[in-house]
Amino acid sequence: MTEPDDIQLYYQTVAHNRHSFEQLYDRYEKLVFSFAYRMTNNRTMAEEVTQDVFLKLWNGTNQYAEEKGKFSSWLLTVTRNKSIDELRKSKRHAYEPILDKDSLTEETVSTEVTAEWNERREVIRIAIAELRAEQREIIDLFYFKGFSQSKIAEHCKLPLGTVKGRIRLALKHLKGIIDQEGGVSNE
Amino acid sequence: MNKSCHMLIDYFNRTLTEDEMRQFEDHLIECPSCQEELMEWEMLTENLPYESEAVEVPTDLKARIFASLPDLPAEAEFVTMPTKEKSRRRMGPVTTVLAAGLFASLVANAFLFSETQKEPEIAQSEIQLIGQSILAPQEGTSASAVAMLIADGDQNVLLLDATDLPTLSKDELYQVWVIEGDQPYPAGIVQPNETGTGTVSHPLTNLSGTWDTVAITIEKEPNLSAPEGQIILAGGI
């Protein structure tokens, strides 16, 4: 029998099937935790985010619908939103990153999700490296740090009205390079 | 573009106040341009989480999360008959009442079907509950359903009781499915009454017994080879 897909596991999870929830958890624990850590730069916050994301999944608090796109994309959006909320709540939302790189550990991956993740990461990193420094910075401030438009404008010394255009340009440029690399599939 | 359209980035990044969030969400419903733009931002950023470096997850995080799962409502004894190997799911009081009603109905039917009423115990003892599940409603509906798998002698029967089903158009019907692995099988049509309540009893004769999901969809035709319409309810069993 083939492995149940994410959507099947999700529906079983919201019906409180622990076995399905555990399969979904095992599939995405590392990706969710690592992304939460990437967003917060803090292990405790990443743990809190991971816990909250999965508990809300179990409780059906955040409802996924197939028209929202891939389950994994939705789960990562929920993770990002929670990470931003935690950052803001803790009032640690300063620009200066809290470097905690010692705790980063590369691990051998075995599951399908982490294998796909490694493949994507390589392509994305190559693409990001091709961006100009100011484009890299604006993506970091916007996406990973979740700064407001005005804060980005202030930090990058840009008129407020041009911030959105700059972010969009940087993201489109990045997507163009990624598509050109051809290694990232969203199917 | 109006004033609210400029809030999209800050909405995306959750930097708005609660009032502003609500204000923008009201605006979003009425602004196709912002809806389209929001989808564009989501599409442009969907690869970015995968840029994250793999970080070692605390070894006890999973145990802590699973330990903190809220308990389901206290288990109520449903039937005292022996069950087959599949594990029972714990049921809440409401489900218990619904399930007990379904089960009582089946037992009553078995009793009535027996040609002689001298041996009702035999008919009852052959009926066993194998598993049950509350089907989860999909977004936008308040429908609910309880599905039960019953062994009636050598035959497995799916019993399903649905309530609050939305009213259908004239050419639509509610199709029940059981899903075995990736393979769906049609398992009866629910014909709700005017209050949106309907029940199905469907023998599962062609399945190997390893199926684990029950769902209800809205279809244009009965008994298709695979669901084509919108899922209304789904759950594991």
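What share of the 237 residues of chain B count as buried? Then take strand S4 of chain B and walk me through its setting.

Analyst: This is a predicted model. Of the 237 residues of chain B, 47% count as buried. That chain has six helices and eight strands. Read from the N terminus, its elements run α-α-α-α-α-α-β-β-β-β-β-β-β-β.

Now the strand itself. S4 of chain B covers residues 173–180. Eight of its eight residues are buried, so the strand is largely enclosed by the rest of the structure. The cut-off behind that word is a relative accessible area under 20%. Its side chains divide into two sets. B:Leu173, B:Gln175, B:Trp177 and B:Ile179 point one way. B:Tyr174, B:Val176, B:Val178 and B:Glu180 point the other way. Both sets are buried.

Next, the partners. S4(B) pairs with strand S7 of chain B, residues 213–219. The sense is antiparallel, over seven bridges. S4(B) also pairs with strand S5 of chain B, residues 183–190. That pairing is antiparallel too, over six bridges. In S7(B), the residue opposite B:Gln175 is B:Thr217. In S5(B), the residue opposite B:Gln175 is B:Ile189.

The turn comes next. S4(B) and S5(B) form a hairpin with two residues between the strands. B:Gly181, in this hairpin, takes a positive phi near 65°. B:Asp182 belongs to a patch of negative charge on the surface. The other members come from chain A: A:Asp5, A:Glu66 and A:Glu67. A:Glu67 sits in the loop between helix H3 (43–59) and helix H4 (71–89) of chain A. Its relative accessibility is 68%, so A:Glu67 counts as exposed.

The loop between S7 and strand S8 (231–236) of chain B holds B:Asn223. B:Asn223 is not a glycine, yet its phi is positive, about 55°. Most residues other than glycine have a negative phi. B:Asn223 is partly exposed, because its relative accessible area is 48%.

Chain A supplies the rest of the setting. It has eight helices and zero strands. Its element order from the N terminus is α-α-α-α-α-α-α-α. Of its 187 residues, 53% count as buried.

Two places in chain A deserve a brief stop. A:His16 lies in the loop between helix H1 (6–14) and helix H2 (18–40). Its phi is near 65°, a positive value in a residue other than glycine. A:His16 is partly exposed, with a relative accessible area of 23%. The other place is A:Leu141, in helix H6 (residues 133–144) of chain A. A:Leu141 has a relative accessible area of 0%, so it is buried. The C-alpha atoms of A:Leu141 and A:Cys156 are separated by 9.5 Å. Along the chain, these two residues are 15 residues apart.

Back to the strand, in brief. S4(B) is largely enclosed. Its antiparallel partners include S7(B) and S5(B). The patch that includes B:Asp182 also takes in residues of chain A.

Methods. Residues numbered from 1 in each chain as written. Chains lettered and ligands numbered in written order. Predicted model: local features only at pLDDT ≥ 70, side-chain atom pairs only at ≥ 80, totals over all residues. Heavy atoms only, no water. Patch = residues over 30% accessible without salt bridge, like charges linked within 9 Å, V, L, I, M, F, W, Y side chains within 5 Å. Areas by Shrake-Rupley, 256 points an atom, 1.4 Å probe, with all protein chains shown as cover. Salt bridge = Lys/Arg side-chain N within 4 Å of Asp/Glu carboxyl O. Lys, Arg positive; Asp, Glu negative; His and termini not counted. Charge placed at Lys NZ, Arg CZ, Asp CG, Glu CD. Helix = DSSP H or I, 4+ residues; strand = E, 2+ residues; numbered from the N terminus. Buried < 20%, exposed > 50% of the residue type's maximum accessible area, 1.4 Å probe, protein only. Pairing = 2+ DSSP bridges.
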